[in-house]
Amino acid sequence: MSKVFTLAEVSEHSTNKDCWLLIEGKVYDVTKFLDDHPGGDEVLLQSTGKDATDDFEDVGHSSTARAMLDEYYVGDIDSSSIPSKASTTYAPPKQAQLNQDKSSGFLIKLLQILVPLLILGVAVGVRFYTKSSA
């Protein structure tokens, strides 16, 4: 019979000296693997204290990597200690209000008209000057 941990207990192991991950309802002590992880130890440390199943699956680990999990297995998770995903609602980040100056909008529109006219005037002037000089 394997040991059963709560999410709070697993969350206590979130340092590079003591790192546990929760993947697919199982708890793994990956402390010894931190230095050998191809993605670096920071990737694993960012996945502590939560259900890291999605993080693990998103990377697309090989069957060899999945087999390696067995040697780091320490127990199962008490599923009642994990908050349900349905209870967490998505709130988009608040965006800063843009305080646009109305006069700068007018100035930009004016420049969008005047700059092409200025370029056209310079081009006509250069053409007239080079044609009369030759």
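The UniProt annotation "transmembrane region", taken from an unreviewed entry, covers residues 106-129. In the predicted model, this stretch is 100% helix and 0% strand.

Aromatic side chains form three pairs in the structure. In one of them, F5 and W20 have ring centres 4.9 Å apart and planes at 75°; the angle is over 60 degrees, so the arrangement is edge-to-face. F5 belongs to strand β1 (residues 3-5) and W20 to strand β3, so this pair ties together parts that are 15 residues apart in sequence. F5 is buried, with a relative accessible area of 7%. W20 also counts as buried, at 11% relative accessibility.

A further edge-to-face pair is formed by Y28 and Y73, with 6.1 Å from centre to centre and 65° between the planes. Because Y28 lies in strand β4 and Y73 in strand β5 (residues 73-77), the pair ties together parts that are 45 residues apart in sequence.

In the largest nonpolar core, which has 13 residues, the members that touch the most other members are I23, Y28, V30 and L44. Elements that each supply at least two residues of this core are β3, α2 (41-46) and α4 (63-72). Strand β3 gives the most, with three residues. When residues up to four places away in sequence are not counted, Y28 touches C19, W20, L21, I23, L69, Y72, Y73 and V74. The contacts of Y28 thus include W20, the partner of F5 in the aromatic pair described above, as well as Y73, its own partner. Another core, of seven residues, lies apart from the largest one; among its members are L7, V10, L22 and I77. In soluble globular proteins, nonpolar side chains tend to be buried together.

The backbone at E24 was also examined. Most residues other than glycine have a negative phi. E24 is not a glycine, yet has a positive phi of about 50°. E24 is found in the loop between β3 (18-23) and β4 (26-29). The strands on either side of this loop are those that hold W20 and Y28, respectively.

Terms used. Residues are numbered from 1 along each chain as its sequence is written. This is a predicted model: local features need pLDDT of at least 70, side-chain atom pairs count only at pLDDT 80 or more; totals for chains, interfaces and linings use all residues. Side-chain values use heavy atoms; hydrogens and water are left out. UniProt positions are given in the numbering used here, feature names are shortened, and annotations may be inferred rather than shown by experiment. Helices (H or I, at least four residues) and strands (E, at least two) are DSSP runs, numbered from the N terminus. Rings of Phe, Tyr and Trp (its six-membered ring) pair if their centres lie within 6.5 Å; planes under 30 degrees apart count as stacked, over 60 as edge-to-face and the rest as tilted. Buried means under 20% relative accessible area, exposed over 50%, partly exposed in between (1.4 Å probe, protein chains only). A nonpolar core is a set of buried Ala, Val, Leu, Ile, Met, Phe, Trp, Tyr and Cys residues joined through side-chain atoms within 4.5 Å. Contact means heavy atoms within 4.5 Å.
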